[in-house]
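I am opening my notebook on this one and jotting down what I look up as I go. Please read along with the model open beside you.

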Amino acid sequence: MAKTRIQFICQNCGTVHSRWAGKCDACGEWNTLVEEGTTGGIGGGPSALRSPRKGRPVALTTLSGDIEDAPRIATGIAELDRATGGGFVRGSALLVGGDPGIGKSTLLMQAAAALANRGHRVVYVSGEEAVAQVRLRAQRLGAASAPVELAAETNVEDILATIAEGKRPDIVILDSIQTLWTDIAESAPGTVTQVRASAQAIIRYAKSTGAAVVLVGHVTKEGQIAGPRVVEHMVDAVLYFEGEGGHHYRILRTVKNRFGPTDEIGVFEMSDRGLREVANPSELFLGERSAKAPGAAVFAGMEGTRPVLVEIQALVAPSPLGTPRRAIVGWDAARLSMVLAVLEAHCGVRFAQHDVYLNVAGGYRISEPAADLAVAAALVSSLTALALPADCVYFGEISLSGAVRPVAHALQRLKEAEKLGFGQAVMPSAADELSTGIGANAFQPAMLTDLVVRIAGSKRARPEG
Ligand code: TYD
Ligand code: MG
């Protein structure tokens, strides 16, 4: 009989420590070490409990063979299907992460209802809410009549026994992984050990039966799924449901997908009757633009395979402070410093006496370096108080030498801009022919200075200026 050892497991990253400490050396988080039994943690597992048994041979098989039914289950909610890469995959596990209250349960209830209405067997297990609460939400969503099978339960063994009855479910939704607990682990629900052991049991069920399993996981404010961070590598796909406080739209972002593309997004809007699909996100992020306002530039961005146009707003104002303020919403602070430095060093544009505020409209977040050129244009426009043309889009990366560097998907960006009624573009010189109308007469500066000169020169060109 093995001696039971006490271990301390970091609830953030899952590292096992032999003694307690205030800070985890692996991930640097404070107060995350919790005492747990030896059944979990890295290197632990259910086998640590039982005496070793003799292995049983399993049947080996071939790569080609019959697959019972279509491997994908499409929901018909286009934005969700886009993010999953064409629908839920049979025999796979998917994790949907997001902040509490962002709308994960709403999204999955809508997906469950859509699938059930298409004739699939859908089981929705809620560990967080009572049956009455889930029914209330379903009523609000107008989904109460959908033949979804519902249970409020948290024990994994009970859940697996329940869904083993009758026809195999096509899809099982477990809301949330933090509330689940299994008999084989001794820790409290929500701890790394429980979350890992429960997820393992559920994923094993998915692989062995061919049902698609969706796990819901809450995220801490650091942006990591609390505890279930350890689940991320176990599941086949991870989707994050994101949104900015105060804005109604939500983005479903793929961060891992063994069966499809990552970097895809689905865009939704939260209404009083659930989530509504937003088929054309550019319209949402462009907002109302007035032609005369300086400091606004439209960036032609990409999200995965989808072009998205976003308005970038800059405000440059004389600063009363010794160290001028730099405030940024929706973009990288280091990247802004870089663009400002390049403008100062290579283009003779001075910001040292000015506060700089940068905002991405609609609360959207840009991660692409291709936004450099649009940011630079917005900054120069605000500083000089010269409005940029309202029908112009900008994209391109800026290097430290002040050169404008090419970015991928130029044609797709231009096509989206043309579709939305834009007539001009400022972009890097492209290697291949651009067949679109605005691509043909686009302004293609080799250096950032060329763009600065063009913006500053627009004053003289204008008759009333
Ligand atoms: P919920 O799906 O419960 O979030 P999560 O499961 O991620 O914690 O969504 C909760 C929020 O969404 C809540 O603040 C109310 C809002 N909501 C609507 O605005 N409209 C709706 O139709 C529904 C169902 C919820
Ligand atoms: Mg919920």
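**Entry 1: two loops.** I started at Ala385, which sits in the loop between α9 (372-384) and β19 (392-394). For the numbering, helices (H or I, at least four residues) and strands (E, at least two) are DSSP runs, numbered from the N terminus. Phi of Ala385 is near 60°, a positive value in a residue other than glycine. Ala385 is exposed, with a relative accessible area of 52%. My cut-offs are under 20% relative accessible area for buried, over 50% for exposed and partly exposed in between (1.4 Å probe, protein chains only).

I then went to His409, in the loop between β21 (404-405) and α10 (410-419). Its phi is also positive, near 60°, again in a residue other than glycine. His409 counts as partly exposed, at 40% relative accessibility.

**Entry 2: ground rules.** I note that this is a predicted model, where local features need pLDDT of at least 70 and side-chain atom pairs count only at pLDDT 80 or more, while totals for chains, interfaces and linings use all residues. Residues are numbered from 1 along each chain as its sequence is written, chains are lettered from A and ligands numbered from 1 in the order in which they are written, and side-chain values use heavy atoms, with hydrogens and water left out.

**Entry 3: the whole protein.** I counted up the secondary structure and found twelve helices and 22 strands. Of the 465 residues, 50% are buried. The accessible surface is about 22100 Å², and carbon and sulfur atoms hold 53% of it; these areas come from the Shrake-Rupley method with a 1.4 Å probe, and for residues only the protein chains shown count as cover. Among contacts (heavy atoms within 4.5 Å) with a separation of 6 or more, 66% link residues 24 or more positions apart.

**Entry 4: ligand 1.** Which residues come nearest to ligand 1? I found Gly101, Ser105, Thr106, Ser271 and Gly274, out of 16 residues around the ligand; near here means a heavy atom within 4 Å. An oxygen atom of ligand 1 is 2.6 Å from an N or O atom in the side chain of Ser105. Backbone N or O atoms come in too: one of Lys104 lies 2.8 Å from a ligand oxygen, and one of Gly103 lies 3.0 Å from a ligand oxygen. Taken alone, ligand 1 exposes 560 Å², and the protein buries 75% of that. The elements giving two or more residues to the shell are α2, α3 (131-140) and β13 (265-271). Helix α2 gives the largest share, three residues.

Thr106 belongs to α2 (residues 104-117). Is Thr106 buried or exposed? Thr106 is buried, with a relative accessible area of 12%. Leaving aside neighbours within four places in sequence, Thr106 is in contact with Arg137, Leu141, Met270, Gly274 and Leu275.

**Entry 5: strand β7.** Next I checked β7 (residues 122-126). Five of its five residues are buried, so the strand is largely enclosed by the rest of the structure. In a regular strand the side chains alternate between the two faces of the sheet. Val122, Tyr124 and Ser126 are buried on one side of β7, and Val123 and Val125 on the other.

I call two strands paired if DSSP finds at least two bridges between them. Strand β7 pairs with β9 (residues 171-175) in the parallel sense over five bridges, and Val123 stands opposite Val172 there. With β8 (residues 149-152), β7 also pairs in the parallel sense, over four bridges, and Ser126 stands opposite Ala152.

Ser176 lies in the loop between β9 and α5 (192-209).

**Entry 6: Arg253.** My last stop was Arg253, in strand β12 (residues 249-257). Arg253 is buried, with a relative accessible area of 17%. Its side chain makes a polar contact of 3.1 Å with that of Glu303. Here a polar contact is a pair of N or O atoms within 3.5 Å; within protein, one must be able to donate a hydrogen and the other to accept it, and residues adjacent in sequence count only if both atoms are side-chain atoms.
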